[in-house]
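Hi,

Here is the structure I said I would pass on.

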Amino acid sequence: MVTEPPLETEGPARDTVAAYARRWWTDVKGGELGSLPIIVGLIIIAIVFQTQNDRFLTASNFVNLIVQTAPYAVIAMGVTFALLLGEIDLSIGFVSGVGGVLIALLVAPDGNEMATLPAFILCLAAGLGIGLLHGLIITKVGVPSFVVTLAGLLAWNGVVLLLIGSRGTVILQNDFVVGLANDFMDPGLSWVLFAVCVGLYAAVHFFTMRSRAKAGLANDPLVIVLLRIGGLAVILAIVIAVANQDRGVPYSGILVGGLFVFWTYVLTRTRFGRHVYAVGGNQEASRRAGINVDRVKILCFMFCSFMAVLGGIILASRLRSVDTNTGGGQALLYPIAAAVIGGTSLFGGRGTMKAALLGALVMISIDNGLGLLGLSSGTKFVVTGGVLLLAVSLDSISRRGRAQSGRA
Amino acid sequence: MTDTPVLELQGVSKNFGAVQALFEVDFHVSPGEVMALVGDNGAGKSTLIKCIAGIHPIDGGEIRFNGEPVSIHGPKDAARLGIEVVYQDLALCDNLDVVENMYLGRELTDGVRKLDETTMEAKARETLKGLSVTTLSSVRQTVAGLSGGQRQSVAVAKAVMWNSELVILDEPTAALGVAQTAQVLALVKRLGEQGLAVILISHNLHDIFEVADSITVLRLGQNVAEFKRTDTNQQQVVEAITAGKLSKVPGQNAEAVA
């Protein structure tokens, strides 16, 4: 039995900060936690590790965190597309491995190396092709995505081994590829970028508010909007200022930021993005509404593999080499765990790019912090597993809250 | 109310293999008319609306829309004519909000292929207001948080938003409580008052006598009676549902009947 939600009057009442805060609190109590748990989690992680080892919150380690998070954040953003559909992609780890190995081999100075740009395009196209293959088998043949991508996990692992062959390890020597994760932006330029980002964000808010007011629709209170813009400005300023105390903002971090903005736009402001959520929420309803469900699914798996390849390239760049283990280990399950920790539902229809980004930051902070404490990778995996379980439990409990308030 | 029916079916038949689901059914509904379609389980109500909605092709007979013979080959054909069906399971996405659901699959975009949220929200509110759906606290809340009656209202609003001429409601009150049923029935009445043709499928005679202008009774795939609500009573309708005179007895050949 669904209970009638409390009715609120619309109009002027919504425009006060108090009413806005009250609505937010009702949502939280009703189980719509948003990014709240993960931000609390990040603060707890920072406090715990800083008290154990005062190197955790230094500028140098902060830049390390960005560099380490970047590849997993990229892969996690990709796998979010599969998770939003209620599907899964287990192959992302080794698909990222294929990306890393492919770029390393294509630009390796062995006499017949490719130019950097065509090599990049070829790798990313390979990513799209791999996703297309997965997507076609899932939609047209009807094999569950779990099985298709499990087969992919094995097969792409094999491809990594075949590509590496007897070489064992390939050292990256291409300046551009290595620079991706190991070069840093000029401090002055990073502040210009900061101004552009905050300006654009404010402009978007301003135009939205103006067009909504023109159409006679309620807007969020001005104070809240200013707080949002101010919040972004403060966070970005802290990130840039701290990073500039050390080596500067890594290019891989800027790439992650750009991808984040792009995919968030795609998911929330385009028809395709709307259809992704719709298919994840109710496939039959989407089909009846005239949405080409197969097309949406295939595109999602293509984006997933594309981002995996890109993440693999960044990872290879950070490690400056690829070997037979590329794509295994952390690249396999960290991204899925990151998306889920961030609050993306495995049942589809709920999740954001922000979840992937913050989730990856949590995973890597734990990994990095435990490393600073000199703990073994055994301990790392146990702790990370515990955090994943905790995050999903929190999601389940909050979902129970939603069910009780009729939002299941 | 004009004399030309919006939708007119003449002698429509439909077979599934050896099973004759519909046999020479005549049916019509006019603008501003709420036509109830009743019958026992297996009488062919669902098959009939699926034929109208283009999900099943018809095997015989003719469908006329606004007097013109039409052939409906798929849900898209039906939608193009202005026929919208609200299915029993509503076909809403729980994770999307009211506006997103109402525009699902037909989202408006602006010049740069960006979703035009402002226009969509304004128009959705207008449509809901036109139907006097006032119980929603916000059109930006997710459908999951709505009551059964509110969900039904959203599904109906979604159907009438597209300049549709004929709205088919499949058991709209089946899963609802008393207050919510009243809410939905009032909505059905308003659809008729706005000049739309409405086909209402229901098992609940009480509901039907509250809102329908006319009642068509199906029995074993044939239409056995048609009543004006004002000229009949529940007793007569029940008799027609259970024992209406058939022109053809199932299981016998047409020759045997002739």
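A quick definition before the sheet: two strands count as paired if DSSP finds at least two bridges between them. Also keep in mind that this is a predicted model.

On that basis, chain B has an open sheet of six strands, in the order β6-β7-β8-β3-β9-β10, with mixed pairing. The edges are β6 (83-86) and β10 (222-228) of chain B; each has a single partner strand, so one side of each has no neighbour in the sheet. From one strand to the next, the twist averages 20 degrees.

Four bridges connect β6(B) with strand β7 (residues 166-170) of chain B, and the two run parallel. One pair to click on is B:Glu84 and its bridge partner in β7(B), B:Val167. Towards the other end of the strand order, helix α8 (residues 234-243) of chain B lies across β3 (34-38), β9 (214-219) and β10 of chain B. That helix, α8 of chain B, runs at about 25 degrees to β9(B).

Now for how the chains meet. On the chain B side, 27 residues are in contact with 30 residues of chain A. Helix α4 (residues 117-130) of chain B provides the largest share of chain B's side, with four residues. Sorted by class, that side of chain B has eight nonpolar, twelve polar and seven charged residues.

Where they touch, nine residues of domain 1 of chain A are in contact with seven residues of domain 2 of chain A. On the domain 1 side, α3 (59-84) and α10 (251-269) of chain A each supply at least two residues, and α3(A) gives the most, with five. By class, this domain 1 side of chain A has seven nonpolar, two polar and no charged residues.

How confident is the predictor? The complex gets an ipTM of 0.82 and a pTM of 0.86. Chain B has a mean pLDDT of 84, with 94% of its residues at 70 or more. Within chain B, confidence is highest in helix α3 (residues 98-102), at 92, and lowest in helix α9 (residues 254-257), at a mean of 45. Over residues 254-258 of chain B, pLDDT stays under 50, and the model has four contacts beyond four places in sequence for them.

Cheers

Note on methods. Residues are numbered from 1 along each chain as its sequence is written. Chains are lettered from A and ligands numbered from 1 in the order in which they are written. This is a predicted model: local features need pLDDT of at least 70, side-chain atom pairs count only at pLDDT 80 or more; totals for chains, interfaces and linings use all residues. Two residues are in contact if their C-beta atoms, placed from the backbone, lie within 7 Å. Ala, Val, Leu, Ile, Met, Phe, Trp, Tyr, Cys and Pro count as nonpolar, Asp, Glu, Lys and Arg as charged, and the others, Gly among them, as polar. Axes are lines fitted to C-alpha atoms, for helices over the stretch in contact, and angles run from 0 to 180 degrees between N-to-C directions. pLDDT is the predictor's confidence in each residue, from 0 to 100.
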